[in-house]
Amino acid sequence: MLYLGTCSQGITCLLVSFFSVILPFFVSEGGDIVFVAKVEAKDLLRKPTIKWFKGKWMDLASKTGKHLQLKETFDRFTKIHTFEMHIIKAKDNYAGNYRCEVSYKDKFDSCSFDLEVKEAEQAQSIDIRSAFKRREVKQQDDAPEVDVWEILKNARPDQYEKIAFMYGITDLRGLLKRMKKMPKEEKKSEAFAKKLEPAYQVDKGGKIRLVVDLADPTVELKWYKNGQEIRPTPKYIFEHKGTQRIMVINNCSMMDDAAYSVAAGDEKCSTELFVKELPIKIVKGIEPVKTTVNERIELECEVSEEGAQVKWMKNGVEVPTGVRSRYRVKSEGTKHFLVIDDASKEDTGTYSVMASGGTSEAHVQVDLKPLKIYQDLQDMTVKLGEPIKLQCEIYPGNVPGRWYRNGQLIQPSDRINIIHRNKIHRLEIATSSLHDAGDYTFVPEGYSQSLCAKIHIIDPPRVHLESLNFPDNTVTIVAGNKLRLEIPISGEPAPRVVWMKGERVILESGHRVRAETHGDQTSLTIEVTEREDSGNYKIVLQNEAGEDTASVKIKVVDIPDAPEAPLVPEVGGDWCSMTWEPPKYDGGSPILGYFVERKKKQSSRWMRLNFDLIKETQFEPKKMIEGVPYEVRIFAVNAIGVSKPSEPSKAFTPLAVTSEPTMLVVDDVTDTTVTVKWRPPETIGAAGLDGYLVEYCIEGTDDWVISNKELTEKTKYTITGLSPGCKILVRVKALNAAGASAPRTLQHSILVKEVVEPPKIRVPRHLKMTYTRRVGEAVNLVVPFMGKPRPKVTWLKDGQAIEPTHVNIRNTDCDSIIFIRKAERSHSGKYEMSVQVENHKDTAIIDIQIVDLPGPPQAVTIEDVWGGNVALVWTPPKDNGNAPITGYTIQKADKKTMEWYTCIEHYHRNCITITELVVGNEYFFRIFSENMCGLSESATQTKKSALIVKEGNSPHDTAQHQYHAQPHSFTLTPTGMQLKTHNFEDHDFKEAPKFTQPLINTFAIAGYNATLNCSVRANPRAKVIWMKNKMTIIDDPRYRMFSNQGVCTLEIRKPSPYDGGMYTCKAINDLGEAQVDCKLEVKVQTQEL
């Protein structure tokens, strides 16, 4: 029986039977509620399955969490399963119809109930602070009151927020909850006077009537089952009684458990039908059975209904009824059978059959038949390889049995044959092996008795050296490695094993060398092999069946000894040659080659020079650093490995001679001497350069004469003691510690005869212009010249000879120096230099200008005064300092303070108008002259002052005032001078936009920033707009726009081919607009393979 109840907020749990009524339950919002379902399990063999649903299909097992929990318990004394559904802190959307379904095998039961969530009553909260706040006196609104409830009822859900905002509703959510709980007026059905009940229940095999009452009997009616229309059949019968329409369902089965609905015109009502199964009762129970093994057992029972499901049990455990099971289950109508075709002792026990409405049990006893032994098994001793036959004879003859060897079941195979003929059981083994020895047992099936025998196998000892797979039974091992030689042996009983080397027996207790025997193999172990372990080892096997011997040869090989230190007979600039002797001991394996290593003497890091073995005993290392000491060593290699290194060779240093001297030329030739010069070699090397050796020979001979007995470090040398008129060849060698370099020889012979060279003055570039110096500075000029023999040098100034007391002149073979310690203006002039060799002469003129500060201007006068302006005029200075006047500096001073202030500097003209003078002040002016040396030491000041008067005074009054106030100041004539003021109109600078530099068609590379530039002139300032393909560019991060002083720039960041197109720059102001266009093409770089 299944019960359902609830426990909510401490209320006692109520239990009611399913389907008695649809239970309504209530819970406050935020409260907790517990639904309890109890299932009696007295007749159930295992726990039933329970499911909780909300609505029709929502399985609540997948919704468990913080607000929903499912629990279950079982009471062993009352045999009741308790299932609980906890709803914690219920919300408004938890309301609805719930269903609990319980199932056990083919049984099913369910119950539906409704849950309503009530709104919690909120306690009125008092805000004390609001009581002390000043309340504003609200003016009464004369507008008519509006019923918001009616507006919300008639409005669509998407208009709720708009209505709440319009009428000042702040708690819209609470208002909608209250409106949802308001009773709704149910519309009266036009088709049905009475609809179907929400649910119906019927027992399996029973009959149910579904009745509806129509308001209009003429309406066409259709019945549906799970959405499929039902047609009249013997199972479904439709009846008409007045306005009632009845559907009768006969012989209800579990297939009829479904949702049913009836449609009348456009209206439809529905219900659910639940079919309840009746318990199956056992009418006739099973009876006890007593039999013997190999007999057939059949247990029979009879139940109350055909096709019912029953369960067969043995000792409380369900009987397996699969395809491979010994048990078979069959049914005939209401009768059910359990059949055991071939009974065994293990089938003894208590058997029971269980149905949903009862249980029946009985005891089955299976006993063994008596066993008689006519012939028992006999012990045997068999030679290895001979056949084995074991035979016994028992009664009864139809009893099968099993053969065991040492407790292991023997299965028939190609070698083993098991025969059973009537009373005789025989085991045959074609060829015996050592594994066949042991205790054999024959066990008749179903009996506790067994027959036993023992088989003993004998075999003479034998050493199986063929398993080593070594040629000539020779084992080769590298010295220092561990050797474990395992050799299979055979023999029954196990033979005694002795290992020997010569006459010495190897014991099992040996430390480094020992012999061990385990089962069917013997082993020789040498922990660390040595050269002395090489030799022949003998193995001796003995047992009662015979004796066997074998011999194994062990060869211990090792790496070769280290060679002796190598010799280095020859050394070059970056190479050397080395030789060595083979090692004295090759390690028992031929030498395959050698490795060579080298290192710097001061280093500890060796570097291998070859990766392929060197077969010979000589090698030539290369790519060494010149001047660095090196050492080399050798490794010998055989098939085992690499030997230890040899001792390092004696240290050697690679050195190389320098390259030949460069640019050998003749510098000078006289009647008895030849002077040559050259440049150092391009490559000197680590050995350095000790000096040069100069050699010469007479043309036509090969006799080279060393000119310098001692090395010269200079790159110029004069060969002396030559005969006039002869021709010689000259060569130069560079020498260092490695020897002499290749000689550098002149291409042509030299005639020993002095040659006249016309003089030539090489005026430096800075002396070809006027050479300027300030007074007091030093003058030091060097003028080189050429000519042979030594030219004669003379100097003239302005055509006159130079006095040595004023200017110092010093001449050498190749230049002339003119020196003035402290220059004066009198030293200025044109200096003429003459160089003469015999009848050849060359001249050059050098212009020297000595400059000084200029004098002040000669006269400064006030030309005119008007308003706040004064016009000044002056004449240039009499002394310009021997340099052009570059400008003037004008200063002013108020008569009251006589503090001078600079008005303007570097002024070039001889007249100026000083403006912005203060009215009422009287000013003096002075002027400095300026040249390349600076300002003049003194300035020329105006003799008269200028009085700045206010405009509007009559010229006569002004003149009188100036005359009396300042007799020596600038005055006006009594007639006065009137200033005619011109009216000037302001120039209109406004201008419409005009592009002074247009855009230019551009090619850009994809991935590299590109810029477009143009310039525009406009007043007022124009607004600049950039467009791509006539679409304005706005807030695009790929573009940056700049505008500075009318220059407009558009930067395109890392353009792609899609950025190509027509770009436009448009400028707009109040006076008009202008635009320029250009085309941008973006090219993609292609990588050449």
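How many bridges pair β4 with strand β8 (residues 80-87), and in which sense, parallel or antiparallel? In this predicted model, the two strands pair in the antiparallel sense, over eight bridges. One of the pairs of bridge partners is A37 with F83, the latter in β8. Burial is the rule along β4, where six of the eight residues are buried and the strand is mostly covered.

**The largest pocket**

β4 (33-40) also takes part in the lining of the largest pocket, as one of the elements that give two or more residues to that lining. The others are β9 (96-104), β10 (107-118), β23 (311-314) and β27 (349-355). The space in the largest pocket comes to about 1,100 Å³. Its lining is made up of 40 residues. Nearest the centre of the pocket lie L44, Y104, K107, P279 and S356. Sorted by class, the lining holds 20 nonpolar residues, 14 charged residues and six polar residues.

**Backbone features in loops**

| Feature | Backbone angle | Loop |
|---|---|---|
| Cis bond, E492 to P493 | omega near 5 degrees | P493: between β39 (483-492) and β40 (496-501) |
| Cis bond, N1019 to P1020 | omega about 0 degrees | P1020: between β81 (1010-1019) and β82 (1023-1028) |
| Positive phi, N251 | phi near 50 degrees | N251: between β17 (244-249) and β18 (258-264) |
| Positive phi, N473 | phi near 55 degrees | N473: between β37 (451-463) and β38 (474-478) |

E492 is within the range of β39 (483-492), while P493 is in the loop that runs from there to β40.

Why does N251 count as exposed? Its relative accessibility is 55%, and exposed means over 50%. N473 has a relative accessibility of 27%, so this residue counts as partly exposed. The value for N473 falls between the cut-offs of 20% and 50%. N251 has a positive phi although it is a residue other than glycine, and a positive phi is likewise found at N473, also a residue other than glycine.

Terms used
Residues numbered from 1 in each chain as written. Predicted model: local features only at pLDDT ≥ 70, side-chain atom pairs only at ≥ 80, totals over all residues. Heavy atoms only, no water. Helix = DSSP H or I, 4+ residues; strand = E, 2+ residues; numbered from the N terminus. Buried < 20%, exposed > 50% of the residue type's maximum accessible area, 1.4 Å probe, protein only. 1 Å grid on protein atoms, 1.4 Å probe; cavity = no way out; pocket = protein on both sides within 12 Å on 5 of 7 lines; lining within 4 Å. Points joined across faces, edges and corners; volume = space filled by probe spheres on them. Nonpolar A, V, L, I, M, F, W, Y, C, P; charged D, E, K, R; others polar. Pairing = 2+ DSSP bridges.
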